[in-house]
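Please read them with the sequence and the coordinates open.

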Amino acid sequence: MCDEQKLEHLAVKLFEINAVKFGEFTTKSGIKTPVYFDLRVIVSYPEVMQLISNLIHDFALKDTKCDHLCGVPYTALPIATLLSVQANIPMLMRRKEAKAYGTKKMIEGHYKAGQKCLIIEDVVTSGSSVLETVKDLRKEGLVAEEAVIILDREQGGRQNLATNDVAIKSLFTMSNLINILVEHNKISAQMALKVKNYLNDTKAPAVENIQDRTLLPYEKRAELATNSIAKELFNIMATKKTNLCLSVDLTTTTSILDLLEKVGEHVCLVKTHIDIIEDFSADFITRLKSLAKRFNFLILEDRKYADIGNTVSLQYLKGLYKVAEWADCVTVHSLPGEGILKALNNSTNGVSQGVFLLAEMSSEGNLITPDYTEETVKMALKYPNLMCGFVCQNKSTFKEPGLIQLTPGVQLESTKDGLGQVYNTPEKVMLEKGADVVVVGRGIVAAKSPESQALVYKDVLWKNYLKRVSGKMEL
Ligand code: S5P
């Protein structure tokens with residue numbers, strides 16, 4: 001039998017075992033429907049199970065590269081199992097509910113973040129069940145972008161899944177299943193028309209968009225980072241339980257070092273403006289580096305380079321400050337074009353370095369446009385080994401989970417500073433604006449007690465981070 005014939009045979013079989021029924025039915029949600037699917041019954045028919053698994057294998061698995069298969073619970077589980085054995089691709093199992101004791105794991109099996117998982121499902125109507133599984137897989141850092149299904153009811157599921165970056169391949173669409181059944185005299189042309197009209201009139205509701213890097217925990221994102229500094233920063237955040245970056249905008253070396261002695265344990269990153277220091281010396285850098293080591297934080301020089309590649313390379317490597325020798329990462333404008341990234345990429349002979357590209361600014365009336373932001377992100381994605389992430393204000397700016405959103409313009413109370421700076425609250429930047437690392441300057445350095453204020457910021461930021469990765473927040 002050729003595949004076409006096998007499909008026809010399967011369609012007829014599904015009809016004969018009552019896995020697909022025609023008449024007057026009422027769904028769980030109270031909607032009347034002339035067609036009803038119950039593929040749970042197929043477990044009673046080994047021959048049908050075998051047929052489905054062979055067809056999916058030939059149709060979708062033979063030429064697909066994936067590391068795992070995962071069935072959407074429960075109907076697709078036995079099919080996924082058969083396929084896993086047949087194609088020799090390891091399976092993952094998604095729980096429907098977390099265990100009440102022990103690990104809270106939703107995905108069982110051995111896997112690594114970044115691996116690709118193909119989803120298997122029986123019927124797609126709105127796509128919400130596939131999406132539930134995608135969500136849990138993506139929470140583990142797995143790549144879930146493809147689903148193979150037996151039947152697409154053609155009621156909007158394909159589109160709903162596409163908006164969440166999931167492509168589906170189906171053995172049958174409802175229309176071609178109906179056509180086969182008419183051809184084999186299983187249903188009348190009149191019934192076929194009734195079903196087709198019903199499908200046209202009854203679309204499934206749109207589903208939520210879960211395409212959201214901010215739902216992943218930092219330790220998973222560390223595994224997805226392609227730049228070594230970004231990886232280290234994600235890991236520091238996860239171990240120190242802080243995503244606070246202190247902007248030490250002070251003008252003397254002693255004031256900076258004294259402050260870092262007090263707050264170093266609360267921060268993951270220290271941001272400097274090295275050219276505002278009045279008594280800069282090489283000794284300052286030695287002491288700064290030693291604090292970074294002792295308290296386990298990284299150093300970001302906020303130089304905001306914005307010249308042609310050659311000049312930026314000299315500014316980065318030479319001069320009084322020799323930034324390349326001590327800064328783990330630097331901020332860079334995309335304004336001059338790609339040459340600036342090429343120059344930095346070539347500048348450090350394999351020494352770990354990272355770039356945060358400015359895609360948006362916090363200041364009022366800044367001239368960055370949405371097009372500029374989009375082009376900046378595109379430019380950055382060409383340099384995966386160099387890029388730590390973006391200095392930006394919005395979750396939608398980029399979606400790559402291995403990159404970091406560094407968001408300045410944060411204070412507990414004030415909303416502006418009189419010179420154009422605009423502030424958001426820690427809660428807002430974490431829950432609405434997608435910040436990963438949050439930059440606080442004067443909110444801490446100008447406080448009566450910077451030490452206790454740093455702790456306040458660290459705690460409120462971490463509380464909101466936990467809220468968002470636990471999924472217990474409105475998105
Ligand atoms: O858009 C931006 C980008 C940056 S890096 N807006 C900013 O405010 N910054 C920097 O973050 C700015 O240069 C300053 O060092 C810090 C914010 O300081 P604060 O005192 O307003 O919290």
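This is a predicted model: local features need pLDDT of at least 70, side-chain atom pairs count only at pLDDT 80 or more; totals for chains, interfaces and linings use all residues.

1. The protein contains 17 helices and 16 strands, and its C-alpha trace spans about 90 × 45 × 45 Å along the principal axes.

2. How many strands close into the barrel, and in what order? There are 8 strands, arranged as 9-10-11-12-13-14-15-16, and the pairing is parallel. Neighbouring strands of this sheet are turned against each other by 25° on average, when direction is ignored. Helix 9 (residues 228-240) packs on this sheet and touches strand 10 (269-272), strand 11 (298-305), strand 12 (329-333), strand 13, strand 14, strand 15 (404-407) and strand 16 (437-440), while its direction makes about 130° with that of strand 11.

3. Strand 13 deserves a paragraph of its own. On one side, strand 12 pairs with strand 13 in the parallel sense over 5 bridges, and V332 has L357 of strand 13 as its bridge partner. Strand 13 (residues 354-358) is also joined to strand 14 (residues 387-391) by 4 bridges, again with the two strands running parallel, and here L358 stands opposite V391 of strand 14.

4. Why can strand 13 be described as largely enclosed by the rest of the structure? The description holds because 5 of the 5 residues of strand 13 are buried. G354, F356 and L358 point one way from the strand, whereas V355 and L357 point the other way, and all of them are buried.

5. A second sheet, which is open, has 6 strands in the order 5-4-3-6-7-8, with mixed pairing. Its edge strands are strand 5 (107-108) and strand 8 (167-173), each of which pairs on one side only. Within the sheet, strand 3 (residues 68-71) and strand 4 (residues 91-94) pair in the parallel sense over 3 bridges, and L92 in strand 4 is the bridge partner of C70.

6. Helix 2 (residues 46-61) touches strand 3, strand 6 (116-124), strand 7 (143-152) and strand 8, and its direction makes about 135° with that of strand 8. Helix 6 (residues 174-183) touches strand 7 and strand 8, and its direction makes about 15° with that of strand 8.

7. Which residues of helix 2 are buried? They are V48, M49, L51, I52, S53, L55, I56, H57, A60 and L61. The cover over these buried residues includes helix 1 (3-16), strand 3, helix 3 (77-87), strand 6, strand 7 and strand 8.

Conventions. Residues are numbered from 1 along each chain as its sequence is written. Side-chain values use heavy atoms; hydrogens and water are left out. Two strands pair if DSSP finds at least two bridges between them. Axes are lines fitted to C-alpha atoms, for helices over the stretch in contact, and angles run from 0 to 180 degrees between N-to-C directions. Contact means heavy atoms within 4.5 Å. Buried means under 20% relative accessible area, exposed over 50%, partly exposed in between (1.4 Å probe, protein chains only).
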